[in-house]
Amino acid sequence: MSASLALPMRGASAAEADVIIIGAGAAGLAAAHDLKAAGRRAIVLEARDRVGGRAFTDTSLGPAYDAGAMFIHWAERNPWVQIARDLGIATPGESWGGGFRVFADGRPMADADRQKRRGAFGQIDRRLETVDLTKRDLSVKDLLGDLGPDLAPIASSGLLLSIGEESDRISARDYQRLWSGDDLLVPSGYGHLVARHGAGLDIRLNQPASEIRWDGPGVAVTTPSGTLRANACIVTVPVGVLKAGAIRFTPELPARNRDALDGIGMGALTKIALKVEGDRFGITPGTSFLEAGSPSRLMNFDLFPEDKDLIVAYCGGDHARELSAAGPDAARDHLTELLTKMIGADIGKAITGISFPAWWTDPFSRGSYSVCLPGREAAREQLAEPIGGRLFIAGEATAGGGAMTVGGATLAGRAAAAAVARIKA
Ligand SMILES: Cc1cc2nc3c(=O)[nH]c(=O)nc-3n(C[C@H](O)[C@H](O)[C@H](O)COP(=O)(O)OP(=O)(O)OC[C@H]3O[C@@H](n4cnc5c(N)ncnc54)[C@H](O)[C@@H]3O)c2cc1C
């Protein structure tokens with residue numbers, strides 16, 4: 001990693017950079033690259049001790065897995081296809097390794113119930129095609145309202161694993177405009193790829209910004225190492241971090257940007273990895289098990305992906321929030337209990353470790369990705385409105401149809417850089 005590490009910074013001083021970028025995730029890196037290419041001096045301040053943000057390849061258990069972003073979505077127009085190609089990194093399509101099995105409370109789900117699930121699943125897309133949302137937005141829950149209390153939770157349960165949020169907190173219009181297309185994988189790690197893309201940039205790690213002053217002619221950003229000044233600032237921290245007030249703005253953000261933040265929540269898509277050694281229990285590597293007995297507590301397991309000694313569990317919504325608050329020991333007990341019912345008691349002995357990067361409780365993300373609340377699908381554009389000609393909020397939340405993705409964050413970072421580059425040097 002050639003990003004510079006926690007360089008000491010002088011105290012308050014004249015402008016040391018043209019632009020300060022807060023956050024070294026995909027958005028921040030994209031903005032920094034474009035500004036550098038435009039001849040502007042950009043400094044990236046990153047709170048963590050690593051580059052990549054919510055794109056993070058976790059190796060703490062030995063075998064690597066992507067604890068955050070994993071798929072290059074809508075590959076046809078995703079800038080990461082080219083970035084990976086330029087770095088010589090392979091991005092194959094997804095292969096459906098070992099198959100997929102659905103369980104209800106640990107037992108294979110009955111055929112009739114599986115059929116009911118299948119019938120319910122297409123309902124969101126079907127209604128998005130037929131219900132007129134042009135006059136008013138609905139929550140996805142209301143969109144499914146007349147499906148009834150039995151089928152509606154099943155129909156929306158898949159959203160827990162895609163959007164990471166409960167259906168009453170998702171704008172149907174925003175959901176409808178999200179881009180779709182082919183998904184590609186990065187076997188060497190999407191997080192590793194994003195981190196490599198940081199090479200050659202002036203990135204200062206372990207530098208959480210605590211205050212951004214924009215009452216002077218430029219901006220002044222407070223960090224543990226002192227205050228840094230610049231002509232403009234691009235803020236790419238997740239909306240969860242902004243909503244939590246972790247960065248003080250002086251003066252406070254304009255009412256329109258604050259109102260936009262009120263219209264966007266953070267989902268809680270969560271991955272928990274278990275290290276499993278010594279036995280594969282007759283399971284073909286790459287098989288997925290879905291525990292779907294309770295639609296609100298859906299849990300997907302990827303077993304031994306790419307033949308690794310790992311089981312990666314996924315969940316979302318309030319169940320994921322509960323597990324995040326409960327912590328790794330409770331999560332391990334819960335997952336062991338579910339797996340024991342599906343595989344047998346010996347699985348407990350084979351589980352030798354857990355890695356639980358809980359994005360929901362992580363102070364530098366406060367959730368998995370942004371979700372527009374019902375009626376608030378315009379909040380993404382509203383949040384990105386430039387502030388005082390020198391403050392720009394970017395990141396996946398401002399990416400319109402590309403929101404919630406690494407590719408969208410990159411496009412949003414590029415858009416912010418273009419706006420900054422239009423300011424007279
Ligand atoms: C579990 C999970 C699965 C996902 N799956 C996919 C997927 O398959 N495909 C996909 O495209 N996307 C996926 N995503 C979403 C994707 O990871 C994000 O949309 C994208 O990485 C966001 O990039 P960003 O630059 O906007 O924000 P981030 O990556 O969050 O970058 C913001 C940076 O700001 C830093 N920061 C926070 N506070 C401060 C502060 N005070 N001062 C300085 N720095 C600060 C953070 O540490 C972070 O590095 C997933 C996310 C999660 C959590």
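**Confidence**

The protein chain has a mean pLDDT of 94, with 96% of its residues at 70 or more. Residues 1–13 have a pLDDT below 50, and this stretch makes 35 contacts in the model beyond near neighbours in sequence. Where pLDDT is low, predicted coordinates should not be read in detail.

**Ligand site**

The shell around the ligand comprises 39 residues, of which Glu 46, Arg 54, Phe 71, Ala 209 and Glu 396 are the closest. Classified by residue type, this shell holds 24 nonpolar, 11 polar and 4 charged residues. Two helices, H1 (26–37) and H15 (406–421), each contribute at least two residues to the shell.

| Residue (backbone atom) | Ligand atom | Distance |
|---|---|---|
| Met 70 (polar backbone atom) | oxygen | 3.0 Å |
| Phe 71 (backbone N or O) | nitrogen | 2.8 Å |
| Val 406 (polar backbone atom) | oxygen | 2.9 Å |

On its own the ligand has 1,000 Å² of accessible area, and the protein covers 98% of it.

**Salt bridges**

Across the whole structure, 29 salt bridges are found. One of them pairs Asp 105 with Lys 341, whose closest N and O atoms are 3.0 Å apart. Because Asp 105 lies in the loop between strand S6 (100–104) and strand S7 (107–108), while Lys 341 belongs to helix H12 (residues 328–343), this pair ties together parts that are 236 residues apart in sequence.

**Backbone geometry**

Trp 74 is located in the loop between strand S5 (71–72) and helix H2 (79–86). Although Trp 74 is not a glycine, its phi is positive, at about 30°.

Methods: Residues are numbered from 1 along each chain as its sequence is written. This is a predicted model: local features need pLDDT of at least 70, side-chain atom pairs count only at pLDDT 80 or more; totals for chains, interfaces and linings use all residues. Side-chain values use heavy atoms; hydrogens and water are left out. pLDDT is the predictor's confidence in each residue, from 0 to 100. Contact means heavy atoms within 4.5 Å. A residue is near a molecule or strand if one of its heavy atoms lies within 4 Å of it. A polar contact is a pair of N or O atoms within 3.5 Å; within protein, one must be able to donate a hydrogen and the other to accept it, and residues adjacent in sequence count only if both atoms are side-chain atoms. Accessible areas come from the Shrake-Rupley method with a 1.4 Å probe; for residues, only the protein chains shown count as cover. Helices (H or I, at least four residues) and strands (E, at least two) are DSSP runs, numbered from the N terminus. Ala, Val, Leu, Ile, Met, Phe, Trp, Tyr, Cys and Pro count as nonpolar, Asp, Glu, Lys and Arg as charged, and the others, Gly among them, as polar. A salt bridge is a side-chain nitrogen of Lys or Arg within 4 Å of a carboxyl oxygen of Asp or Glu.
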